[in-house]
Amino acid sequence: MEDIKAELEEMLDEAEWNWLQPHADRQALVVVGQELDLIDVGVAIASDNVQSVQHWLGEQLIYKPSPEQVANWNVNRSKRFNTLIVQPFVLVQELAAA
């Protein structure tokens, strides 16, 4: 489990909406709420921790972006996100506006 966590920590990155939009188009984008740690969510998905993932889905702490969110991000194309690729998904967490 520590190996997965270390590997994901190295893959943590920051991206603009422009880069993420194709992933949203193919339904692969997963938004992670601010109250969760992006790495912890990545570890749970990568290690097939169904219980945690289902709990977060049920609490709406992780979710696919709504059409309204996507429309807002399309307007603000330079919006930045923390990102983590956990195949086949791209996990994103909005960065607070500077």
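Predicted model: local features only at pLDDT ≥ 70, side-chain atom pairs only at ≥ 80, totals over all residues.
Colleague: How many aromatic pairs does a search of the whole structure find?

Modeller: The general idea is that a pair of aromatic rings is described by two quantities, the distance of the centres and the angle of the planes. Here the search, run over the whole structure, finds three such pairs. In one of them, Trp17 and Phe81, the ring centres are 6.1 Å apart and the planes stand at 50°, so this pair is read as tilted. Because Trp17 belongs to helix 2 (residues 17-25) whereas Phe81 belongs to strand 4, the pair ties together parts that are 64 residues apart in sequence. Trp17 and Phe81 are both buried.

Colleague: Which residues form one aromatic cluster, and which residue lies over the face of Phe81?

Modeller: The cluster is formed by Trp17, Trp73 and Phe81. Over the face of Phe81 lies Lys79, at 5.8 Å from the ring centre.

Colleague: In which sense do strand 2 and strand 5 pair, and how many bridges join strand 4 to strand 5?

Modeller: A general point to keep in mind is that the side chains of a regular strand alternate between the two faces of the sheet. In this model, strand 2 pairs with strand 5 (residues 89-94) in the parallel sense over three bridges, and Leu29 stands opposite Val90 in strand 5. Strand 4 and strand 5, by contrast, run antiparallel and are joined by six bridges; they form a hairpin with two residues between them.

Colleague: Which residue in strand 5 does Thr83 stand opposite?

Modeller: Thr83, a residue of strand 4, stands opposite Val92 in strand 5. At 4% relative accessibility, Thr83 counts as buried, and its contacts, not counting residues up to four places away in sequence, include Met11, Asp13, Leu20, Leu38 and Leu91.

Colleague: Which residues touch the most other members of the largest nonpolar core?

Modeller: That core has 17 residues, and those touching the most other members are Val32, Leu36, Val41, Trp56, Ile62, Leu84 and Leu91. At least two residues of the core come from each of strand 2 (29-32), helix 3 (38-46), helix 4 (50-58) and strand 4 (80-86). Helix 3 provides the largest share, namely six residues.

Colleague: Leaving aside neighbours within four places in sequence, with which residues is Trp56 in contact?

Modeller: On that reading, Trp56 is in contact with Leu36, Asp40, Val41, Ala44, Leu61 and Ile62. A second core, separate and made up of 11 residues, has Ala15, Ala24, Val70 and Val90 among its members.

How values were computed
Residues numbered from 1 in each chain as written. Heavy atoms only, no water. Core = buried A, V, L, I, M, F, W, Y, C linked by side-chain atoms within 4.5 Å. Buried < 20%, exposed > 50% of the residue type's maximum accessible area, 1.4 Å probe, protein only. Helix = DSSP H or I, 4+ residues; strand = E, 2+ residues; numbered from the N terminus. Contact = heavy atoms within 4.5 Å. Phe/Tyr/Trp six-rings, centres within 6.5 Å; stacked < 30°, edge-to-face > 60°. Lys NZ or Arg CZ within 6 Å of the ring centre and 35° of its normal. Pairing = 2+ DSSP bridges.
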